[in-house]
Amino acid sequence: MTNVLAGEERKYWDRWIYDRDPQAGNKLVQIYMPLVHYHVQRIAASLPKNISKQELISLGLIGLYDALEKFDPSRDLKFDTYASFRIRGAILDGLRKEDWLPRSIREKAKKIEETIEKLEQRYMRSVTAKEVADELGIAEAEVYTIVNENFFANVLSFQHVAAENEEEESALLAIRDEKTPSPEEEVLKQELYEKLAEVIQQLSEKEQLVISLFYKEELTFTEIGEILGLSTSRISQLHSKAIFKLRKILEQAL
């Protein structure tokens, strides 16, 4: 069955590459649509609930269409890998342009960061989300949610999609190497990794597992929930708690 499907797919690719057959192109979009849904699920996990998944799917489709138009089968690269880069890039680029984080959330995030700084100066130690929530008179869950959303917005503002320079297609296939790090930069990077490792060790066992499965194994919250026997909302909560604890170290890495 797999060989038949592989043969059918090759037939669609031939018709698309050599004749730009619209029907073959549509069929390939159907075949690779799960890639779009996969990246939408992962990115949506860090976005406010008011962001429409359908809107993210539309952005992802733009990336998939772009991948189909520009893919060179003569290169030693799987289409899944190439398309994933384009799909994720299109979604993140669309979010950056739309400035999806509401001003009210940005203002709350600023207030939370100011409160964290004030409490840390008061207690001379790291503070918990509950202490921040009590100081502000809001729910602990709201602190986690706002910090998580604001952190993701900051990540977006620092990310650069290599597709912006479409004349240099090779940039899509390799890690950008804008300059060789100096010995001092290498030392600072190593210190940052060591700090991050120390903070991760302070996370609970489940928080460490969620971070590993989400960022290293690239599973969705739903998939992680199935593995751990927990609800998707519980996995989301564990992820948010971990990001709250890791945020300072992670922000230094941007």
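Helices (H or I, at least four residues) and strands (E, at least two) are DSSP runs, numbered from the N terminus. The structure is a predicted model, in which local features need pLDDT of at least 70 and side-chain atom pairs count only at pLDDT 80 or more, while totals for chains, interfaces and linings use all residues. Residues are numbered from 1 along each chain as its sequence is written, and side-chain values use heavy atoms, with hydrogens and water left out. A search of the whole structure finds 11 salt bridges, a salt bridge being a side-chain nitrogen of Lys or Arg within 4 Å of a carboxyl oxygen of Asp or Glu.

**Annotated spans**

- An unreviewed UniProt entry carries the annotation "domain: RNA polymerase sigma-70", which covers residues 55–68 and 220–246; UniProt positions are given in the numbering used here, feature names are shortened, and annotations may be inferred rather than shown by experiment.
- Across residues 55–68 the chain is 100% helix and 0% strand, and the C-alpha atoms at the two ends are 20 Å apart.
- The span of residues 220–246 is 85% helix and 0% strand, with its end C-alpha atoms lying 20 Å apart.

**Helix packing**

- Two packed helices are described by the angle between their axes and the distance between the axes.
- The axes of helix H2 (residues 22–44) and H3 come within 8 Å and cross at roughly 130 degrees, where axes are lines fitted to C-alpha atoms, for helices over the stretch in contact, and angles run from 0 to 180 degrees between N-to-C directions.
- H2 and H3 are therefore oblique to each other, in a scheme where angles under 35 degrees count as roughly parallel, over 145 as roughly antiparallel, 65 to 115 as roughly perpendicular and the rest as oblique.
- H2 passes H3 in a right-handed crossing; a crossing is left-handed if the near helix is turned anticlockwise from the far one by less than a right angle, and right-handed if clockwise.
- For H3 and H4, the packing angle is about 135 degrees and the axes are 7 Å apart, so this pair of helices is oblique, and the crossing of H3 and H4 is right-handed.

- Lys11 is partly exposed at 40% relative accessibility, where buried means under 20% relative accessible area, exposed over 50%, and partly exposed in between (1.4 Å probe, protein chains only).

**Salt bridges between helices**

- Arg86 and Asp66 meet through their side chains in a salt bridge of 2.9 Å, N to O; Arg86 lies in helix H4 and Asp66 in helix H3, so the pair ties together parts that are 20 residues apart in sequence.
- Arg86 is buried, its relative accessible area being 4%.
- Glu135 and Arg122 are joined by a salt bridge between their side chains, at 3.4 Å from N to O, and this pair links distant parts of the chain, with Glu135 in helix H6 (residues 129–136) and Arg122 in helix H5 (residues 103–123), 13 residues apart.
- Glu135 counts as partly exposed at 35% relative accessibility, and Arg122 is partly exposed with a relative accessible area of 43%.
- Salt bridges that share partners join Asp66, Lys70 and Arg86 into one network.

**Loop residues**

- Asp72 lies in the loop between helix H3 (53–70) and helix H4 (79–98), where Asp72 is partly exposed with a relative accessible area of 30%.
- The side chains of Asp72 and Ser74 are joined by a polar contact of 2.6 Å, a polar contact being a pair of N or O atoms within 3.5 Å; within protein, one must be able to donate a hydrogen and the other to accept it, and residues adjacent in sequence count only if both atoms are side-chain atoms.
- Asp72 and Ile17 are 55 residues apart along the chain, and their C-alpha atoms are separated by 8.8 Å.
- Arg20, found in the loop between H1 and H2, has a positive phi of about 50 degrees although it is not a glycine, and Arg20 is partly exposed at 34% relative accessibility.
- Met124, placed in the loop between H5 and H6, is a residue other than glycine with a positive phi near 60 degrees, and Met124 counts as exposed at 70% relative accessibility.
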